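Below is a short briefing on selected sites of one model, grouped by topic.

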Amino acid sequence: MRNLWKDADTAGMDDLDLLVYQSRLIGADTALVVWGGGNTSIKVDQADFRGRETPAMLIKGSGSDMKTIERKHFPSLRLDDVLPLFDEESMSDEEMVAYLSKCMLDPSAPRPSIETLLHAFLPYKSVAHSHADAIVALTNNENAQRTIQLVYGDDMAVIEYIRPGFHLSKKVGQAVRGNPRIKGVVLVNHGLFTWGDTAKEAYDRHADLVDLAEEHYNANAARSAKGLGGTAQKPLETARRHQVAAAIAPTMRGLASQRNRVVLRYDDASDVMGFLSTERGKALSGIGPATPDHLIQTKQKPLWVDVSDPEDVPSLLQALHQGMERYAEEYAQWYSQHTTGEEPMLDPYPRVVLVPGVGMWTTGRDSRAALITGDIYHHTIDVVTKALSAGAYTSLSARDAFEAEYWPMELYKLTLAPPEKELARQVALITGGAHGIGRAIALRLAREGAHVIVADLDQEGALSLAEEMNNTHGPGRATGLRMDVTSEEEVASAFEKLRLSYGGLDVLVSNAGIAPVGALDELPLADWQRALDINATGHFLVARQTVRLMRKQATGGSLVFVGTKNVTSPGKDFGAYSASKAAEVQLAKVLAIENGEFGIRCNVVNPDAIFEGSALWSKEVREQRARAHGISVDELEDFYRQRNLLKERVTGEDVAEAVLFLAGNRSAKTTGAMLPVDGGLRDAFPR
Ligand code: ZN
């Protein structure tokens, strides 16, 4: 039983509160709706702006999500204006939307759902609509009519697939108005509508009807197993499949980014691995989506990449190249068969990539979009599996699929999206990212739309900064991990994690560093060695992994090294620091030379005297530098300000601004360069 309604929870609620309560119960059940799907309404008398009572309908606004919905997300429409539309012969989507906008009691409320007329035409107080997997499974098979009859008898009206809009609304209205006995409407390839005199009654019926469909499935699950066939490719053991996944992800990301750059999300949950292992999975995945709502996120079909041995990475890469190109060609063909010539072709590359034995990848403009697509494909797998219990799986026709993906209402939504930020769709790694300059850079790049991986010796600090950015910019936008840049193994394992998290990398900010002090005649070898390990070898190890990855990805990239003014103007008692940082900068220049032909740039930012939150400026360094300049520690910050041409205090944010410029496309024609951020130091001018 899925019914979670508790009368004790709803005591004293008004109609709108009950609607919110009902909507949240439906929204919280992922077997009913996911990510903004479904909608609910209630018909009540409401006062208009002059206090006149008028029959109205409150319905979910477009773009809200039922699991977190609130009172304000339900616009209210005047039924006296809406209901006469039932007598119209036809109406385009644009006419309908324009008309409904004039029926709103509060014109500033959110736009009402595209399924508003359907709710309005049902002559009942409360109406609930979901895209329940179990219901869609009943409709998406060759024996849909017979199965629905078997499960529901004559209690249910069945409406063949039509896109949401005026015609569907009128058809459903006609079916229900003439037939007071029926308890619900099943929309083929779409979902379920129920109603009642109260929100509870509509919800109870909804839960009961979905339960019946699930019971039917459970009783026939053996037929599903048969429909999926035997095992064709067992999943690789976890550590091995993660290695393979990390090895192929950058190539996959590059191929999928040929039209628009995307981030990837890797998923090897057990239901996915189970479906990928079946003999019939490939054929079934190619039939089509469960509903048009699914299609908008997943496209009509996933790309299925199979080779005889999924541990054979070179063969997998070859299959991936061929598969991606074939997918894009077939998409272009499908597009040209159905286009009216009005709509430009959308991205022809897949949103879902399935690799038996290894896992599923979903793509998106950001991690959230990739996550939504992944969630939806889990439901697609569920619907396909359940549908097989009643017969062969069926889906939308190629024409209907085209009209769903190129529905002007959807395309219009795309045009409303705000312009993308400078580093949108990109992934940036920042070493030494938890504190000081690194932290300022991480926050700046995230604000500009980048996905950020904060790597630091201080794992706690890295994780807590990532959490802070996820709270600000949305889940999945940042990841924290421990990285000792001097350890070849740790750098390699961090890169494996990074490849699994986002599929690749576009920006490296190589920032981790230390500043040992001491005159060279007395400097212990260990201090010298440690400076070289972190300030030179550390940059080498991280940059080596980065350029290997970026060359596989084949979409260019930008490396930004955080140097120091000591590179061009070394300081007394700073020998180990100055020499190791000079090695870092030579390394950056050679990286620029070796990787230009791959569109990979490498530039250096040379800051000076950034005190705030910096691990470099330890108490010891402060005391030592004060001594070297013959001043007290308190005078140190002012001393550094006074010695630059602009007499300015330089901050981490100033450095972050320069890094942002070198990371992004505004510096597309610059590589091998050094940019000082030091307030102007004449003796540090590059020459
Ligand atoms: Zn719907």
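Asn603 lies in strand 17 (residues 600-607), where strands (E, at least two residues) are DSSP runs numbered from the N terminus, as are helices (H or I, at least four). The model is predicted: local features need pLDDT of at least 70, side-chain atom pairs count only at pLDDT 80 or more, and totals for chains, interfaces and linings use all residues. Residues are numbered from 1 along each chain as its sequence is written, and side-chain values use heavy atoms, with hydrogens and water left out.

**Asn603**
- Asn603 is buried at 0% relative accessibility (buried is under 20% relative accessible area, exposed over 50%, partly exposed in between; 1.4 Å probe, protein chains only).
- Its side chain reaches the backbone oxygen of Thr670 at 3.0 Å.

**Zinc site**
- The protein donors of the zinc ion are Glu115 (OE), His129 (NE2), His131 (NE2) and His190 (NE2), at 2.1 to 2.6 Å (donors are N, O and S atoms within 2.8 Å of the metal, or 3.2 Å for Na, K and Ca; water is not among the atoms, so sites may look incomplete).
- Angles among the four donor atoms run from 77 to 167° and the site is irregular; four donors count as tetrahedral if all angles lie between 85 and 135 degrees, four as square planar and six as octahedral if opposite donors are over 155 degrees apart and all others between 65 and 115, and anything else is irregular.
- Along the chain the donors follow the spacing E-x13-H-x1-H-x58-H.
- Glu115 lies in the loop between helix 4 (93-101) and helix 5 (116-121), and His131 in the loop between strand 4 (126-130) and helix 6 (133-139), so the pair ties together parts 16 residues apart in sequence.
- Glu115 is buried at 7% relative accessibility, and His131 is buried at 10%.

**Phe685**
- Phe685 lies in the segment after strand 18 (674-677).
- Phe685 is partly exposed, with a relative accessible area of 42%.

Notes: Polar contact = N/O pair within 3.5 Å; in protein donor to acceptor, adjacent residues only side chain to side chain.
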